Protein chains: 2
Amino acid sequence: MEIKVLQNILEANDQAAAEIRGRLAAESVTAVNLISAPGAGKTSLLERVIPCLGACLRVAVLEGDIATTRDAERIDRLGVPVVQLLTGGGCHLEAALVGKGLAELPLEKLDLVFIENVGNIACPAEFDLGEAAKIGILSVTEGSDKPAKYPLLFHEVAALILNKVDLLPYTDFDLDLFDRDFRALNSQAPVFPVSCRTGEGIAHFARWLEARVGDAAKTVGGPGLVVGRW
Amino acid sequence: MEIKVLQNILEANDQAAAEIRGRLAAESVTAVNLISAPGAGKTSLLERVIPCLGACLRVAVLEGDIATTRDAERIDRLGVPVVQLLTGGGCHLEAALVGKGLAELPLEKLDLVFIENVGNIACPAEFDLGEAAKIGILSVTEGSDKPAKYPLLFHEVAALILNKVDLLPYTDFDLDLFDRDFRALNSQAPVFPVSCRTGEGIAHFARWLEARVGDAAKTVGGPGLVVGRW
């Protein structure tokens with residue numbers, strides 16, 4: 001009984017996600033779903049990468065949190081449209097709430113929407129939000145064993161940001177172990193070592209992201225090269 | 001409909017937790033439920049604090065994970081009984097699984113059972129495991145804004161470990177902001193600044209924990225001074 005209902009929740013979510021994917025494709029908007037543990041640096045990454053993206057790319061953010069509007073206030077200071085999604089206790093975003101958030105954005109004037117999920121590397125990976133790709137963030141202070149211990153997210157990501165590399169000298173993070181465990185789950189996704197504190201590595205990730213959104217995004221007249229999953 | 005079923009899940013969990021609480025009281029065993037984000041240092045804290053506890057205290061660990069037995073292997077090296085609880089995808093421990101784990105332990109020969117939850121600061125706080133207390137761990141590398149953003153856990157904890165203080169000089173962690181936000185949610189719980197890497201602060205937490213388990217634990221003939229919630 002419980003399993004059946006949980007399946008129904010996932011089915012309803014998948015349906016809402018499919019609708020979102022259709023809306024985004026119709027508007028040539030690429031959405032990425034940012035997932036990490038609390039404090040791994042989702043908002044900090046956005047604060048760094050958004051100013052580093054090509055000026056022709058029009059960006060907005062859906063900011064998911066259990067409580068407070070603190071992250072949305074940080075994004076607002078970047079001067080991009082931001083909508084706060086409050087789950088009110090929920091440990092992950094679901095497509096229905098993301099759909100409501102998208103309705104608040106001028107999709108026809110956007111190329112890229114970042115969906116910042118609730119800080120959690122267990123549940124959010126299970127819920128399709130209609131995004132083109134999930135991007136994971138692991139900070140080195142969390143330890144190199146996290147891919148093996150939370151396999152679904154690391155299996156699902158189209159790219160992995162390895163954040164806080166400025167703290168590598170002060171931690172026991174084992175890059176070889178991390179790489180071995182991560183590659184056992186995901187042979188394709190690039191890994192971007194960055195420090196959102198110093199800015200190291202951000203430009204590399206920004207260039208990759210721009211290429212995925214497509215340099216033919218509708219700001220230059222055509223649809224995005226890559227809309228849908230990649 | 002969905003809400004009703006989720007309530008039923010919580011009710012079933014509460015019933016299983018109440019049974020566990022009864023079993024533990026009957027055996028004079030104190031259980032603590034360790035909750036933190038992934039990589040905040042739950043296993044590292046156990047590796048540090050267990051050898052630091054009074055030799056007369058008999059300790060065991062229930063090790064909760066989504067996947068792998070890596071943490072249980074680390075605990076096993078301490079020479080204390082350990083049972084791995086694998087949720088197989090589940091983002092938190094529930095009382096039914098904890099009950100099965102406890103059945104594998106010689107409760108009559110134990111004083112203290114650590115239940116290490118899945119790394120997640122959203123969902124685990126919602127599920128009573130029959131513990132005497134929840135103990136939270138926040139690492140300074142996660143940022144000082146976490147209490148306000150994940151309020152339920154920080155409201156629930158009987159003590160908070162502030163881990164990785166050796167990294168404070170390299171982070172932007174704002175102790176004043178953290179203290180203000182945490183105290184708005186929880187006026188009682190002591191905060192123990194520690195470094196599981198250097199061992200700093202561990203003894204202080206160990207002494208506090210021993211006092212809560214009770215120096216009249218059954219190793220010296222009587223029931224624990226504090227069994228049940230504190």
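Trainee: How many salt bridges does the rule count over all chains?

Mentor: Over all chains the count comes to 28 salt bridges, a salt bridge being a side-chain nitrogen of Lys or Arg within 4 Å of a carboxyl oxygen of Asp or Glu. This is a predicted model, in which local features need pLDDT of at least 70 and side-chain atom pairs count only at pLDDT 80 or more, whereas totals for chains, interfaces and linings use all residues. Side-chain values use heavy atoms, with hydrogens and water left out, while residues are numbered from 1 along each chain as its sequence is written, and chains are lettered from A and ligands numbered from 1 in the order in which they are written.

Trainee: What makes R21(A) and D128(A) a salt bridge?

Mentor: Their side chains meet at 2.9 Å, N to O, which is within the 4 Å limit, so the pair qualifies. R21(A) lies in helix α1 (residues 2-26) of chain A and D128(A) in the loop between β4 and β5 of chain A, so the pair ties together parts that are 107 residues apart in sequence; helices (H or I, at least four residues) and strands (E, at least two) are DSSP runs, numbered from the N terminus.

Trainee: Why is R21(A) called buried?

Mentor: Its relative accessible area is 18%, and buried means under 20%, exposed over 50% and partly exposed in between (1.4 Å probe, protein chains only), so the value falls in the buried class. D128(A), with 12%, is buried as well.

Trainee: How do you know that E156(B) and K134(B) form a salt bridge, and where do they lie?

Mentor: The closest N and O atoms of E156(B) and K134(B) are 3.4 Å apart, which meets the rule. The pair links distant parts of the chain, with E156(B) in helix α6 (residues 151-156) and K134(B) in strand β5 (residues 133-139) of chain B, 22 residues apart. E156(B), at 33% relative accessibility, counts as partly exposed, whereas K134(B), at 6%, is buried.

Trainee: What connects chain B and chain A?

Mentor: Eight salt bridges are counted between chain B and chain A, and R197(A) and D172(B) meet in a salt bridge at 3.8 Å, N to O. The elements giving two or more residues to the side of chain B that touches chain A are α1 (2-26), α3 (70-76), α5 (146-149) and α7 (175-185) of chain B.

Trainee: How much area do chain B and chain A bury between them?

Mentor: They bury about 3100 Å², 59% of it on carbon and sulfur atoms, where buried area is the accessible area (1.4 Å probe) that two parts lose on being put together, summed over both. The contact (heavy atoms within 4.5 Å) takes 39 residues from chain B and 39 residues from chain A.
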